[in-house]
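User: I would like to learn how to read features in a protein model. Could you take me through a few of them?

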Amino acid sequence: MNSTMLLTPGRSAVVNGLFRPWTRAAVRSYIQTLVVLDSAVLIVAVLVAYVAHFGGGLPRGAEIPYAVAAPGLVLAWLVSLRALRCYDDRIIGYGADEYRRVSSASLRLAGAVVIAGYVFDVEVPRGFLAIAFAVGTVGLESARFTARKRLHRSRSRGGGWSRRVLVVGDTAHVLELVDTLRREPYAGYQVVGACIPDALLAPVPQQLGDVPVVGSFRSIPEAVATIDADTVAVTASGQLTATRLRRLGWQLEGTGVDLVVAPALTDVAGPRIHTRPVAGLPLIHVEAPEFRGVGKLVKGLVDRLAALLVLMPLLALIALAVTVDSRGSALFRQTRVGQGGREFGVWKFRTMVINADAMLAELTARNETDGLMFKLRDDPRVTRIGRVLRKWSLDELPQLVNVLFGQMSLVGPRPPLPSEVARYDGDIARRLLVKPGMTGLWQVSGRSDLSWEDGLRLDLYYVENWSLTADLTILWKTFGAVLKRRGAY
């Protein structure tokens with residue numbers, strides 16, 4: 001999704017009531033659910049800590065009346081979550097900020113309790129606090145994750161609460177932003193209208209795709225009221241000057257409508273973006289991608305350690321099944337292109353008949369994907385056991401050998417064939433700046449169901465914005481993608 005800078009001219013739309021009634025009620029209901037979940041988690045965490053530390057009995061000679069202190073800790077924890085705006089409707093439901101705020105609220109409260117105990121000379125059992133805050137923090141994050149997944153499923157089906165967005169900008173940029181927001185419907189941004197420059201307005205009502213044009217740059221506040229929008233997303237436009245944008249912020253002040261500015265620079269993750277005010281102008285600084293250094297060293301060590309932890313008996317059983325099912329060796333070695341354009345042999349369990357390459361020319365006309373890849377859903381070259389292995393992505397496990405040799409990473413772009421690389425031009429070659437991966441954004445986002453353009457965009461996004469945290473997230477999502485078997489054929 002486009003990197004966005006959120007300007008908040010007024011209070012939340014939930015307070016001012018600018019959401020439609022059903023949407024306002026849905027937001028309030030979701031937040032209340034979070035409060036109930038958090039309260040339950042914290043009560044359980046305190047009880048677990050008490051039983052684990054004191055064995056369920058009353059502590060003798062304690063300076064603290066735990067019958068009062070335990071509920072007080074739960075209440076203080078909830079206040080800390082509220083103080084750090086962990087229930088702000090603008091951050092819940094999407095992005096990592098919600099999880100960061102929950103962790104920060106827990107850590108800050110833990111520090112405050114320790115400092116208060118030292119200042120007032122009250123002996124606070126460190127074991128009790130350590131268990132309570134460890135269990136509570138993990139529990140809070142898990143509860144938020146569960147609630148978010150339910151919300152995402154609801155949004156993807158057209159339900160759930162979403163922001164009603166009015167997009168403002170030139171026609172081309174409006175269409176691009178609309179496409180970006182709709183690519184991830186679970187993010188909760190529903191485009192309900194657009195405003196374009198006066199010069200582009202037609203005498204009759206018009207639409208950009210299926211998005212109605214409801215006004216020009218001169219009538220943005222009126223358009224907001226007409227379509228009952230709660231968010232104005234401003235994208236690039238030569239006619240929308242800094243002065244007009246500032247006045248728009250003033251016009252929306254106090255209405256509860258959020259103003260979101262989507263810069264023309266896309267597919268750049270938040271950690272690489274820093275806003276620095278210079279002479280009243282919020283300059284966006286974009287750091288260069290990290291292709292070397294300590295982070296890359298740690299990534300390589302993690303890759304090799306994880307590869308060694310895979311059970312060898314599983315690989316042996318799969319190899320035996322492949323050999324029994326069809327004639328030929330269990331393993332298949334294919335030349336792929338890795339970091340820096342260096343070729344290497346990638347290992348996979350054989351899922352096709354032994355003369356599969358010779359049959360490719362006959363099947364080229366039946367290719368079901370665009371771009372440079374060949375994909376065929378009912379490929380006649382695939383064996384019986386091969387279909388099972390592909391369905392559960394087990395055919396790629398031997399690539400752990402490539403990870404051990406440093407030729408691949410656990411997470412990265414898809415390793416391309418030399419024939420594909422020979423046709424690379426321009427930006428596509430940037431995929432070769434990092435090691436290819438066994439899994440990546442392409443796999444957790446649909447694999448073979450993706451178009452060539454979407455798969456390329458995800459690969460380039462990873463190259464530019466990789467991090468160890470993102471790698472762990474992708475690995476976690478890979479398990480879900482494998483179980484769903486989406487795009488696996």
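**Reading a predicted model**

Analyst: D179 counts as partly exposed because its relative accessibility is 44%, between buried (under 20% relative accessible area) and exposed (over 50%), with a 1.4 Å probe and protein chains only. This is a predicted model, where local features need pLDDT of at least 70 and side-chain atom pairs need 80 or more, while totals for chains, interfaces and linings use all residues. Residues are numbered from 1 along each chain as its sequence is written, and side-chain values use heavy atoms, without hydrogens and water.

User: Which residue meets D179 in a salt bridge?

Analyst: A salt bridge is a side-chain nitrogen of Lys or Arg within 4 Å of a carboxyl oxygen of Asp or Glu. Here the partner of D179 is R183, at 2.8 Å from N to O. R183 is partly exposed too, at 31%. Helices are DSSP runs of H or I with at least four residues, numbered from the N terminus.

User: How many salt bridges does the structure hold?

Analyst: It holds 20. One of them joins R148 and E98, whose closest N and O atoms are 2.6 Å apart. That pair links distant parts of the chain: R148 sits in helix α5 (residues 126–156) and E98 in helix α4 (residues 97–119), 50 residues apart. Both R148 and E98 are buried. D379 and R381 also form a salt bridge, at 2.8 Å from N to O, and both are buried. Salt bridges can also join into a network, as with R85, D88, D89, R90, R163, D230 and D258.

User: Which residues form a nonpolar patch on the surface?

Analyst: For such a patch, nonpolar side chains within 5 Å are joined, using residues with over 30% relative accessible area and no salt bridge. I115, Y118, V119, F120 and V122 form one, with about 590 Å² of accessible area together. Within it, V119 belongs to helix α4 and is exposed, at 57%.

User: How many cavities of 30 Å³ or more are there?

Analyst: A cavity is a set of points on a 1 Å grid where a 1.4 Å probe fits but cannot get out, and lining residues have an atom within 4 Å of a point. There is 1 cavity of 30 Å³ or more. The largest cavity has a volume of about 40 Å³, the volume being the space filled by probe spheres set on the points. Its lining includes V337, G338, P413, R431 and K435. The lining residues divide into 7 nonpolar, 2 polar and 3 charged.

Technical notes. On a 1 Å grid over the protein atoms alone, a cavity is a set of points where a 1.4 Å probe fits but cannot get out, and a pocket is an open set with protein on both sides within 12 Å along at least five of seven lines; lining residues have an atom within 4 Å of a point. Ala, Val, Leu, Ile, Met, Phe, Trp, Tyr, Cys and Pro count as nonpolar, Asp, Glu, Lys and Arg as charged, and the others, Gly among them, as polar. Helices (H or I, at least four residues) and strands (E, at least two) are DSSP runs, numbered from the N terminus. Patches are made of residues with over 30% relative accessible area and no salt bridge: like charges are joined within 9 Å, nonpolar side chains (Val, Leu, Ile, Met, Phe, Trp, Tyr) within 5 Å. Accessible areas come from the Shrake-Rupley method with a 1.4 Å probe; for residues, only the protein chains shown count as cover.
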